[in-house]
Amino acid sequence: MNSRLLKELPDLVNNDVISQEVATNIETYYQTQQSNSPNRLFVVFGVLGSLLVGLGLILILAHNWDDFSRSTKTLFAFLPLLIGQISVAFSILKKKSKTWKEASGTFLFFTVGSSIALVSQIYNIPGDLSTYVLTWILLCAPLIYLLKSNMLAILHLVFVTFYAYEIGYGNYYSDETPWMYLVLIAIALPHYIQLLKHKTNNNITSVFNWLYPLSFTIVLGTFVKDLSELGFLMYISLFSIFYTIGKIPFFDSQKLRKNGYLIFGSLGIVILMLTMSFDGFWSVEQLLFFAQEGYLSLVLFIVNVLILGFAFYKHWIKSFNLFQYVFILFALLYLGGLNLPVVGTIIVNVLILALGITTIKIGADKFHFGILNYGLFIITALVVCRFFDTNMSFVIRGLLFVGVGLSFFLTNYIMLRKQKSKAKTLKQ
């Protein structure tokens with residue numbers, strides 16, 4: 001974006017849009033910004049180089065591992081760790097560049113994991129994978145703040161998610177719940193908050209805007225044990241929280257591709273509702289709420305209400321948006337609809353249709369073709385689902401698809417005409 005603006009400066013000066021002095025000041029400003037900011041590509045290659053060096057050393061040692069004595073093996077187990085600690089200390093004490101800190105921190109992170117694994121193997125120390133990963137995470141967590149490293153924060157999130165996945169999904173016969181996941185996620189939150197405050201529009205902040213909801217989405221299922229039916233209620237509440245957070249002006253004012261909360265929340269709600277629009281879902285005879293899943297559903301519901309109430313208090317909600325209230329409607333439906341399969345199925349189908357119309361309206365109000373077509377896609381998905389579980393004739397099904405196709409064309413055409421007329425009005 002900056003380079004494009006700099007290229008257009010001569011044309012702006014020639015057409016008397018800006019003066020030569022202003023053009024010079026703009027060029028000087030961007031050159032200063034570029035010199036003070038680290039080379040992103042260099043940071044990426046520095047981190048990648050650290051990963052390759054660490055993996056290369058592990059492979060070399062693994063090839064000759066059986067030929068070494070126990071003392072030699074122990075030396076090799078701790079040598080990469082020592083090198084990593086020296087490089088990190090050098091980066092901190094000498095106040096080296098961001099690239100140095102990211103690369104040395106990444107190298108030390110993986111050497112900690114390899115050292116733990118090697119020592120355990122050399123001395124036959126028992127333990128399971130989840131305990132190993134947890135120890136690794138806790139030992140490396142302080143490095144996030146010592147080095148102010150984004151890469152270490154990303155690795156922390158990835159490995160924390162894997163830790164919860166291993167406990168909740170890895171062992172089918174285990175009833176253990178990864179409560180420690182909540183503590184581990186909280187450890188990295190201050191770093192994320194600082195990024196939101198000081199680097200709101202940076203790409204690295206956008207990465208975290210996607211990673212956090214992705215991690216919560218993967219891990220929430222590990223808290224579902226006995227009452228799998230309540231898992232749907234938990235996920236609807238979680239996606240509603242994401243959507244409401246994404247509609248906060250701080251996130252909603254950013255480009256859509258940077259707002260992972262809004263996209264995860266919207267897609268999650270739509271996909272779950274489509275899953276529940278089939279007859280077979282609403283056929284549970286009895287549902288108990290006095291279990292872990294019931295309490296978690298209640299907590300998520302309360303968090304939803306608090307966030308929504310705070311949004312009203314701050315006057316962030318200026319118009320009705322069904323996505324922000326669907327968790328209330330669905331909770332009420334879930335409490336009574338499971339014993340009334342026909343009623344539950346009909347209401348969910350009506351809700352999906354309403355969500356599609358709501359999305360189309362949002363897209364039309366914002367003149368956003370992506371959001372507009374997403375709303376049409378929701379309605380199309382609903383039609384496709386009903387194509388497979390109803391006894392309508394092929395003529396009626398065909399007419400439905402023709403109608404949806406025409407709606408795609410006409411809606412986009414009308415939107416385009418409005419956009420062109422609005423552009424002409426602004427020019428005049």
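Trainee: Is K98 buried, exposed or partly exposed?
Mentor: K98 is partly exposed, with a relative accessible area of 24%; buried means under 20%, exposed over 50% and partly exposed in between, using a 1.4 Å probe and protein chains only. The model is predicted, with local features needing pLDDT of at least 70 and side-chain atom pairs pLDDT 80 or more, while totals for chains, interfaces and linings use all residues. Residues are numbered from 1 along each chain as its sequence is written, and side-chain values use heavy atoms, leaving out hydrogens and water.

Trainee: Which residue forms a salt bridge with K98?
Mentor: E102 does, with the closest N and O atoms 3.5 Å apart. A salt bridge here requires a side-chain nitrogen of Lys or Arg within 4 Å of a carboxyl oxygen of Asp or Glu. E102 is buried, at 4% relative accessible area.

Trainee: Where do K98 and E102 lie?
Mentor: Both are in helix α5 (residues 98–122), four residues apart, so about one helical turn separates them. Helices are DSSP runs of H or I with at least four residues, numbered from the N terminus.

Trainee: How many salt bridges are there in the whole structure?
Mentor: The search finds two. D252 and K247 also meet in one, at 3.7 Å from N to O. D252 is partly exposed at 26%, whereas K247 is buried at 15%.

Trainee: Turning to rings, how many aromatic pairs does the structure hold?
Mentor: There are 26. In one, F250 and F251 have ring centres 5.1 Å apart and planes at 85 degrees, so the pair is edge-to-face. Pairing requires centres of Phe, Tyr or Trp rings (the six-membered ring for Trp) within 6.5 Å; planes under 30 degrees apart count as stacked, over 60 as edge-to-face and the rest as tilted.

How values were computed. Helix = DSSP H or I, 4+ residues; strand = E, 2+ residues; numbered from the N terminus.
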